[in-house]
Amino acid sequence: MKPSSRRDFCVRLGSVLALGPLARTAPAALSAERLRAAPWRVADAEGNALPSSVRLDRVWSGSRCHATLTNAGASSVRPGEVTLFSLEHSLPADTGLYGESFQMLSQTAGTLGKPEDLGMSEARHYRIPQPAGAIEVTGLMMLEPPGEPCTMLAFSSCHRFSGRFAVFPNRIDVTIDGEGLELKPDESWRLEEFVFAQGPDRDALLDGLAARIVEQHPVKLPRRPPAGWCSWYCFGPRVTAADVLANLDAIAKQMPALRYVQLDDGYQAAMGDWLEAGAAFGGGVRELLSQIRARGFEPAIWVAPFIAEAGSRVFGEHPDWFVRDEDGKPLPSNRVTFGGWRRGPWYALDGTNPEVQQHFETLFRTMRNEWGCTYFKLDANFWGAMHGGHHFDPRATRIEAYRRGMEAVRRGAGDAFLLGCNHPVWGSFGVIDGSRASNDIGRKWERIRDCARETLARNWQNGRLWWNDPDAIVLTGNLSDDEIRFHATSALASGGLMLSGDDLTKLPAPRLAMLGKLLPPAGAAAKFRRLDAATGEIPLDGARAVCLLNPHDAPEAARVRLETRSRVSDYWSGEALGIRERGTTALADLPPRSGRVLIVKRGEHAFDVAAFDRGRVLRQAETFLTGKPETVTATSSPRSAGGPHDYFSEGDYWWPDPKNPGGPYIQRDGMSNPDNFDGHRRALLRFSVQMPALAAAWKISGDKRYAAHAAAHLRAWFLDPATRMNPNLQYAQAIHGRVTGRGTGIIDTIHLVEVTRGALAIEDSGALSEAEMAGVRAWFGEYVTWLTRHPYGHAERDAKNNHATCWAMQTGAFAVFCGNRAAADDCAARYKTILLPRQMASDGSFPLELRRTKPYGYSIFNLEAMATLCQVLATPLDNLWRFELPDGRSIRRGVKHLYPFLADKSKWTRPPDVMYFNVWPMRQASLLFAGFEFDDEAYLQLWRKLPADSSVEEAVRNFFIRQPVLWV
């Protein structure tokens, strides 16, 4: 086909503009057939048509087109704009539009009649040349005409050239930028692959595009997106080592899931001199980074490899390393584009220069191997592909210049995580692990709103091309609670990186708790049906998260479509919203500028536990109203090495030695000695039976008598100086003649796990003041510290059997109650990496428990502890109930293995327990929890049939979840 000149097309464009919309006669519908028949053209950099000896061949394979540009003439030519297709249209002005940009900080949205810049303007801010009278986007364009299928035009590769789309009032040009480079005689250029697809499902089109891009540009991503802390949004360029170390302390104590500690812009002596630190760091940052690693965290650092300021050492010593102007001198960026946000104008290092490549490789190898950095935030990457300059390799495109530089960065950085920021989007395929998806976040509503829209438009890229970075999470500043929830909801909906941007030494406890709910990152992005939609869904293990966003200044109705009968809860508040029937369910309106996350679980087998258990709970609670609290101070033993406020108990299975009656006791496994002191254990059991029952009765009935009496128990045990128990088990499980206490005694406080649930249940009753509730939490906070630091705690933590499970269950539950995210996260990690791998066999049994003298009872007990651990520590983003080891071992398999023996004990194939074989099973919580989690009616039916209570003390001691209404 004979190409047309740029002049011809400009004349045609002027005619169309003069005629206006009423004169348009081209068909509105876009189609593959019409696209294949559309003309092409090739022009030089000035817009003049190239000779007819320049040929464009277009070969289609399904929805993909492979184009080759060939110079069959005797002389070299310099292609500028290569128009692969020029397709006429008469799309209405209200056709929905989304387009990507060459530069990451730019996007285009809105409609054809009213296009809207998201973020920076590519034309005005970055001064990237644009055709007159057109909307131009790079890489991807989505068109959604009213009532018609969505149309996607996209480039699925970016090896050498930038592919763009120009939308004029009556035509669309699909173009490749040849950059005026030399095309020699008989030489061919293989251009980038183009894709045209249509369909009703926008997400399906983008999913297909992402899959094809990865085929062309393979990438191996970490299993989950990183989480960390960033210095920029709290300290800016004035950051000091002291600032970072103070936040490192806060992270270690409160939020260890923030694994990466990122030193941002401000540490360097000059832009470009990244190995030379400024005065705030005493001439070096290596000591700071080594302290981060010594504390068990990952050092991360900000680098802008492609830019340098005029006063930098690298610019002064190597001016030949930079992109040049027409006179061969380093080209200041402000002559052709944005000059830089600090200490500009910047100069761009030339990635085609072998010496620059070696410089990049050495720089990042030093930072990776000698400085220990495992995460690099690479900023200002756009300047590595800056237009308007000349390269060391005159035949290289600016995409190639950038990609060669990035390949050198990767060689130096090795296995470190590379986050691209301010980068060419399509040019970064396959060379980065993470991609900033929005403008810089800020503590103003307008920036919060805009960054959310920019990020969510790119959700289709997350976890496929790279992990998206919605920029830092900022939970402080002059933002309302609703605006903070909007921000947190949009960050969660992104499915990408989670980096805190606050000074964590000053973050209030409620906001710290919200940050904890964002960790670890889900790694799954919400799908929104339209770019401007307010409702997106994230698939989770066994559930889905519905993200509701209201960016407007008026309330909006909140409605959720349920495919099945479902249980719904509010993620941020933890409020249970009950069981909702299939169909569209209406919720309270979303306030202006707010967000909400609903966790939806299938509930077709669910039943109302409160209604089922109401009679039993109220009968028990009524009898407990007359009982006065009794604590460890009510009884004592002369054999205790502690004081009156210290809990004391003696080992169950230890007896006098018949051969030496006055000497040290000897062990008889599984046989309890009735003469050992158990006054404190009995008091603790009484407390753990009565207080949760009273709290459950309050929750069911709303009768404040029950809450008041439950509060009295809490005051006696944890607050009253005369009766409180000391928050440790220094003297538990003593053995006469051997030890004054042991780590194994920690198992005695498993019953306090349900006490914390009861305390939460009565928190809104008014029975405890805020100060009193804080005091109860403080007691458990001290106990968690003892559990995690004392040698007895370490011994129990490192046990091989149910004792280790019970340590993690208790520590995790108490940590959640008192707000110690560090300890809670550690217990969840121990479940995945230690407890489950070491204790469970491939069939779901517990071999260490089966070797005991009571294999049946101990198997049930360990499963109960492990199930309770999963119940208390599971979050929608990290659901321990759905976690599986590579070989399939999981809590689900454990419940499945034991279920037949709970349903019919006669099927038990092991020896019966030496004692108390007939008291089991009880109404095991593992059945209830698993029944709800996996919608298994068989588990729930069996749970309903089993006895809820027992008068046998051994059963009471080993059955610690008695009030299910506090748990589900």
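## Terms and basis of the model

A residue is called buried when its relative accessible area is under 20%, exposed when that area is over 50%, and partly exposed in between, using a 1.4 Å probe and protein chains only. By this definition Ser-859, at 5% relative accessibility, counts as buried.

This is a predicted model, in which local features need pLDDT of at least 70 and side-chain atom pairs count only at pLDDT 80 or more, while totals for chains, interfaces and linings use all residues. Residues are numbered from 1 along each chain as its sequence is written, and side-chain values use heavy atoms, with hydrogens and water left out.

## Nonpolar cores

A nonpolar core is a set of buried Ala, Val, Leu, Ile, Met, Phe, Trp, Tyr and Cys residues joined through side-chain atoms within 4.5 Å. The largest such core has 180 residues, and Phe-194 and Phe-376 are those with the most contacts inside it. Apart from this core lies another, of 111 residues, which includes Ala-711, Ile-746, Leu-835 and Trp-967.

Contact means heavy atoms within 4.5 Å. Residues up to four places away in sequence not being counted, Phe-194 touches several residues, among them Leu-35, Trp-60, Phe-85, Phe-155 and Val-174.

## Aromatic rings and charges

Rings of Phe, Tyr and Trp (for Trp, its six-membered ring) pair if their centres lie within 6.5 Å; planes under 30 degrees apart count as stacked, over 60 as edge-to-face, and the rest as tilted. The structure holds 52 aromatic pairs. One of them joins Trp-426 and Phe-429, a tilted pair with 5.0 Å from centre to centre and 50° between the planes; Trp-426 is buried at 4% relative accessibility, and Phe-429 is buried with a relative accessible area of 1%.

The pair of Tyr-783 and Trp-786 is stacked, because the ring centres are 6.2 Å apart and the planes stand at 15°. Helices (H or I, at least four residues) and strands (E, at least two) are DSSP runs, numbered from the N terminus. Tyr-783 and Trp-786 are three residues apart in helix H17 (residues 770-789), so about one helical turn separates them. Both residues belong to one aromatic cluster, which also includes Phe-687, Trp-717 and Phe-817.

A charge sits over a ring if NZ of Lys or CZ of Arg is within 6 Å of the ring centre and within 35 degrees of the ring normal. Arg-757 lies in this way over the face of Trp-967, at 4.2 Å from the ring centre, and Arg-398 lies over the face of Phe-102, at 4.3 Å.

Ser-859 is placed in helix H22 (residues 855-873), and its side chain reaches the backbone oxygen of Pro-855 at 2.7 Å. Leaving aside neighbours within four places in sequence, Ser-859 is in contact with Phe-846, Glu-849, Leu-850, Leu-898 and Trp-908.

Gln-924 lies in the loop between helix H23 (891-903) and helix H24 (925-934), and is buried with a relative accessible area of 1%. A polar atom of the Gln-924 side chain lies 2.7 Å from the backbone nitrogen of Met-922.

Terms used:
Polar contact = N/O pair within 3.5 Å; in protein donor to acceptor, adjacent residues only side chain to side chain.
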